[in-house]
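Please have a look at it first, and keep it open while I speak.

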Amino acid sequence: MNECPLTEGCIFFNDKMKQMPSMSSIYKQRYCNGDMTQCARYRVFKEIGRENVPADLYPNDTARVPLIIEEFEGSG
C-alpha cells in the first residue's frame, strides 16, 4: 500500500510522538502505511486541507473529524 502523503513533515509524528517511538511505530504501521482512510488526520486533510488539521488530532480520534469539519464550514 502507498504511504500517506502527510507522513513526511507530519506535525503529529514529528512533534507529539517524538518521545514515544514505540507508539509512533504502531500508529504509522496502522494508519500511514496501512489504511490511511481510517486516519482522522487524513480524513480532515482530504475534506478541508492540510492547514486545517489540528496539531493535537490523534490518528485514531475519528470522533472529532465531523466536529472539526463542521466548525471549519461554519466559520467560512
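**Surface patches**

Let me begin with charge: Glu 47, Glu 70, Glu 71 and Glu 73 form a negative surface patch. Before I go further, this is a predicted model, in which local features need pLDDT of at least 70 and side-chain atom pairs count only at pLDDT 80 or more, while totals for chains, interfaces and linings use all residues. Residues are numbered from 1 along each chain as its sequence is written, and side-chain values use heavy atoms, with hydrogens and water left out.

As for the word patch, it takes residues with over 30% relative accessible area and no salt bridge, joining like charges within 9 Å and nonpolar side chains (Val, Leu, Ile, Met, Phe, Trp, Tyr) within 5 Å. Lys and Arg count as positive and Asp and Glu as negative, with His and the chain ends not counted, and the place of a charge is taken as NZ of Lys, CZ of Arg, CG of Asp or CD of Glu.

Which element supplies the largest share of the negative patch? That is helix 4, residues 65–75, with three residues; helices here are DSSP runs of H or I, at least four residues long, numbered from the N terminus. Glu 71 lies in helix 4 and is exposed at 62% relative accessibility, where exposed means over 50%, buried under 20%, and partly exposed in between, with a 1.4 Å probe and protein chains only. Phe 72 is also in helix 4, and its relative accessible area of 35% makes it partly exposed. The C-alpha atom of Phe 72 is 8.0 Å from that of Asn 52, although the two residues are 20 apart along the chain.

There is a nonpolar patch on the surface as well, formed by Met 20, Met 23, Ile 26 and Tyr 58, which together have about 360 Å² of accessible area, computed by the Shrake-Rupley method with a 1.4 Å probe. Of these, Met 23 sits in helix 2, residues 21–32, and is partly exposed at 39%.

Turning to salt bridges, by which I mean a side-chain nitrogen of Lys or Arg within 4 Å of a carboxyl oxygen of Asp or Glu, how many does the structure hold? There are two: Arg 64 meets Asp 56 at 3.4 Å, N to O, and Arg 64 also meets Asp 61, at 3.7 Å, N to O. Arg 64 is partly exposed at 25% relative accessibility, as are Asp 56 at 39% and Asp 61 at 24%.

In helix 3, residues 40–48, the buried residues are Ala 40, Arg 41, Tyr 42, Val 44 and Ile 48. Just after helix 3, Gly 49 takes a positive phi of about 100°.

Finally, the cysteines: with a disulfide taken as a pair of cysteine sulfur atoms within 2.5 Å, the structure holds zero disulfides. For Cys 4, the nearest cysteine sulfur is that of Cys 32, 5.8 Å away, and Cys 4 is buried, with a relative accessible area of 8%.

Methods. Helix = DSSP H or I, 4+ residues; strand = E, 2+ residues; numbered from the N terminus.
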